[in-house]
Amino acid sequence: MSSSRSWASRDSTSVQIERGHESCSDPTQPFLRNASFSSFSQSTDGLNIDEDTTAFDGDNQEPSQCQLRKHRIDMVFFRKLVSLFGLLFRLSRQHARHWLLFVGLIALILVNTVVVSQTGSVIGGFYTALENQDRSMFFSVLGMSSVILLASALLDSTIKFITSMLAYCWRETMTHFVHSKYFEKMLYYNVTHLLDNPDQRITQDVENWTSTAAVSMSKVLTAPLVIILYTGLSAYQIAWYAPLIVYAYFFVGVFVNRLIMNPIVQLVFQQGQLEGNFRYAHVRIRTSAEAIALYGGQEKEKKMADARFRQLLKNKFRVLRWHWGLTSTSNLFSYLGTLVNYTIIALPVMFISPYHPITAGEVAKFSFTIIMLTSGFSDFINISDLFSDLAGYTSRIADLLEVLTDLQRQDTIRD
């Protein structure tokens with residue numbers, strides 16, 4: 001066991017250098033800066049529990065510039081995300097149900113998009129029937145709309161169920177894969193010196209990543225279909241400039257949300273670290289309860305646990321604050337889309353000659369088309385909230401897999 005300790009301590013630097021962290025300390029371990037890797041017998045997460053509590057009282061600790069550069073939505077994040085999805089789909093080749101669920105999800109999204117598109121005509125029929133006081137037409141439209149809305153409701157709930165099943169299957173596959181690497185030889189022991197809370201990355205971050213990734217993928221598949229379909233309908237029903245106005249409006253929204261997302265990515269990444277460290281403090285107290293009681297160490301343990309909890313709460317407040325800003329801007333652009341909708345409809349009627357008077361039924365039909373187009377873009381903007389969390393989970397899982405792969409490669413070279 002002693003040789004393994006010395007090997008982990010000696011190779012911790014080389015693993016970081018191979019991963020491209022020569023210019024700064026490893027951003028995945030801000031709580032290990034004051035720790036001695038040789039003191040593993042004192043604390044399994046690399047923290048020296050005999051040090052003064054200020055060593056890890058992070059109330060005044062700010063993330064380094066290196067950390068901020070690493071964990072954000074940029075090309076590095078997308079490369080890691082594509083890599084994780086590529087790994088997931090390669091592993092899924094052995095499971096036919098994964099592919100059946102994925103293909104079924106795409107098919108249901110296509111069908112649901114077409115079914116929902118019929119709602120606009122139905123709503124327009126209600127206005128026409130009421131305007132003409134046509135009772136038979138009203139009941140005909142009522143029956144047709146009932147069928148369309150029932151089908152749409154069932155399709156929507158089925159899509160959500162399949163999305164949850166995909167997340168369930170992905171977690172099963174990803175966890176088994178990580179376990180196969182983590183428990184190979186002594187890697188589970190050595191990785192503790194290089195990353196914070198590998199247990200939390202496996203038990204919680206993988207679950208969070210798979211569920212968030214499945215929901216994000218469902219929305220990413222739906223939004224382009226909605227945008228393509230209603231772009232054509234709005235240009236055909238109203239005018240060529242109708243979809244262009246919606247495009248310009250939401251490009252501004254995407255740009256504003258992009259500015260807010262990056263800080264959330266880093267904060268979500270840090271929150272995972274802090275939750276894991278707080279959890280570990282109580283796990284260590286539970287496993288060492290007898291020794292703590294014998295030596296009367298409860299006050300010191302309370303002080304250390306409170307310090308970690310204060311840091312956790314401080315970072316959580318930052319996460320909530322930034323999420324509020326992101327949600328507010330997303331909702332603002334979604335709600336103001338209603339004003340954009342009626343402005344577009346009013347242009348050919350009152351502002352751009354030759355004027356084209358329209359009926360109430362046509363207003364309802366055109367309005368539905370524009371609102372659905374704006375909802376497609378709204379989904380893209382709302383995905384930013386999911387992506388900000390997804391980026392944090394992606395970084396934590398990708399770092400774990402990179403370290404395990406580096407250790408595995410070094411072990412192979414040594415053999």
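Predicted model: local features only at pLDDT ≥ 70, side-chain atom pairs only at ≥ 80, totals over all residues.
## About the model

Local features need pLDDT of at least 70 and side-chain atom pairs count only at pLDDT 80 or more, while totals for chains, interfaces and linings use all residues. Residues are numbered from 1 along each chain as its sequence is written, and side-chain values use heavy atoms, with hydrogens and water left out.

## How H9 meets H11

Let's begin with the helices, which are DSSP runs (H or I, at least four residues) numbered from the N terminus. Helix H9 covers residues 241–287 and helix H11 residues 298–351; their axes come within 8 Å and cross at roughly 165°. That crossing makes H9 roughly antiparallel to H11 (angles over 145 degrees count as such).

H9 passes H11 in a left-handed crossing, meaning that the near helix is turned anticlockwise from the far one by less than a right angle. The contact of H9 with H11 has 33 nonpolar, 13 polar and six charged residues. Here Asp, Glu, Lys and Arg count as charged, Ala, Val, Leu, Ile, Met, Phe, Trp, Tyr, Cys and Pro as nonpolar, and the others, Gly among them, as polar.

## Two loop residues with positive phi

Take a look at Gln-133, in the loop between helix H5 (119–132) and helix H6 (135–182). Gln-133 is not a glycine, yet has a positive phi of about 55°. With 74% relative accessibility, Gln-133 counts as exposed (over 50% relative accessible area, 1.4 Å probe, protein chains only).

Asn-197 sits in the loop between helix H7 (187–190) and helix H8 (198–237). Phi of Asn-197 is also positive, near 45°. Asn-197 counts as buried, at 3% relative accessibility (the cut-off is under 20%).

Terms used:
Axes fitted to C-alpha atoms, helices over the stretch in contact; angles between N-to-C directions. Parallel < 35°, antiparallel > 145°, perpendicular 65-115°, else oblique.
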